[in-house]
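Please keep the sequence and the structure in view while reading.

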Amino acid sequence: MSSSKPLTATLIPGDGIGPEIVESTIQIFETLGSPFAWEVQQAGVAGVEALGDPLPKQTLDSIRQNHLALKGPLTTPVGGGFRSSNVRLREEFELYANVRPAKTMIPGRYENIDIVLIRENLGGFYVAHEYLIPVGDNPKAVAVSTGMNTYEGSKRIARFAFEYALKNGRKKITVVHKANILKLLTGVFLDAARDVSKEYEGRVEMDDMIVDACAMQLVLNPWRFDMLLCTNLFGDILSDQIAGLVGGLGMAPGGNIGTNTAIFEAVHGSAPDIAGKGIANPVSILLASAMMLDHVGKQDLATRLRTAIIDTLNVDQIRTGDLKGTASTKQFTDAVCKRLV
Ligand code: NAI
Ligand code: MG
């Protein structure tokens, strides 16, 4: 138990299963002896409903003050509608690095997976400068999207990845790109990574792979990978793929890291298909909150939390439906708490 003053952190329950898995996190953190004082704020569809804004000013102010947040998933309309609040949060606080580890915790199709994916979080095709060109009477005849990577931004994320490797005893970074086709957009990313890698020669290895080949290798021989360094869109796609190697989206945490602010979240979305049923797997957001504990130097608490989760899954054999178990979110949460007392 920490005796120091609590750290105020913003807590965004979010949409869909968000409030259910966030409630689980609050309960478990109470039992763990949370170093955080939560400041609850709304965003996403919940933000629209409560305050008429998917990213209300008071939520932004809260994060600006605390520099630290845990966020449930936020629903984004497909096609039209408001722009993703997730993307806007990353831009607003310059959270340039997205850290998404995938580590085996339960027996499954693959054993001993341990991959950390670092995703560039601000550029690439996510800048989504898009427009339509009408032809004849079809207003949507042509759709154009522009991606953007800068050399400096690419160097910054590459340096982040190499520093992460040094701090966490990782040996090799594979840069994922499509520089055979998107020669400039992903070529600049690869060039910057190569330039940065020279500073780490002899300490961290680097190689590179075209994204489609990487996707196949991740299925055939995922053990060859230690860390992946990806552009924004490829990182989004491959982080779901590596989640699939360790049991699915219910097991995949992430951290969005900037120079002075960090927002932790699950990799998954708001799962509208199971929302409100009380069956969501809270492990992803719990592992994200463990990353948040590491981030603030509370490694002891993070380790206790991860151990309690692993024991609940494997010793107690209590699992939610996505992991072929029968436990509800509440039953799983109570079981983790029992492990923590
Ligand atoms: P999703 O990740 O919400 O769901 C995909 C599938 O995985 C669904 O079958 C869902 O039931 C299952 N699943 C996800 N998390 C689970 C959990 N914790 N426990 C058990 N099963 C789980 O992806 P989808 O359906 O494509 O997106 C839904 C919404 O979420 C969209 O509006 C999307 O924009 C948003 N989204 C938000 C993210 C964020 O806030 N960071 C990330 C990804 C999507
Ligand atoms: Mg995604």
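## Buried residues and overall form

A residue is called buried when its relative accessible area is under 20%. The model discussed here is a predicted one, and in its protein chain buried residues make up 51% of the 341 residues.

The chain contains 11 helices and 12 strands, and its C-alpha atoms fill a box of roughly 60 × 55 × 40 Å along the principal axes. Because a compact globule with 341 residues would have a radius of gyration near 20 Å, the value of 20 Å found for this chain agrees with that form. Among the contacts with a separation of 6 or more, 71% are accounted for by residues 24 or more positions apart.

In soluble globular proteins, nonpolar side chains tend to be buried together. In this model the largest nonpolar core has 81 residues, and those with the most contacts inside it are Ile118, Phe160, Leu218, Leu228, Leu229 and Phe264. Helix H9, which spans residues 283–295, gives the most to this core, with nine residues. The core draws at least three residues from each of domain 1 (1–93 + 260–341) and domain 2 (104–248).

A second, separate core has 11 residues, including Ala43, Leu55, Ile63 and Ala69.

How values were computed. Residues numbered from 1 in each chain as written. Chains lettered and ligands numbered in written order. Predicted model: local features only at pLDDT ≥ 70, side-chain atom pairs only at ≥ 80, totals over all residues. Heavy atoms only, no water. Core = buried A, V, L, I, M, F, W, Y, C linked by side-chain atoms within 4.5 Å. Buried < 20%, exposed > 50% of the residue type's maximum accessible area, 1.4 Å probe, protein only. Helix = DSSP H or I, 4+ residues; strand = E, 2+ residues; numbered from the N terminus. Domains from an automatic or database assignment. Rg over C-alpha atoms; globule rule 2.2 N^0.38 Å. Contact = heavy atoms within 4.5 Å.
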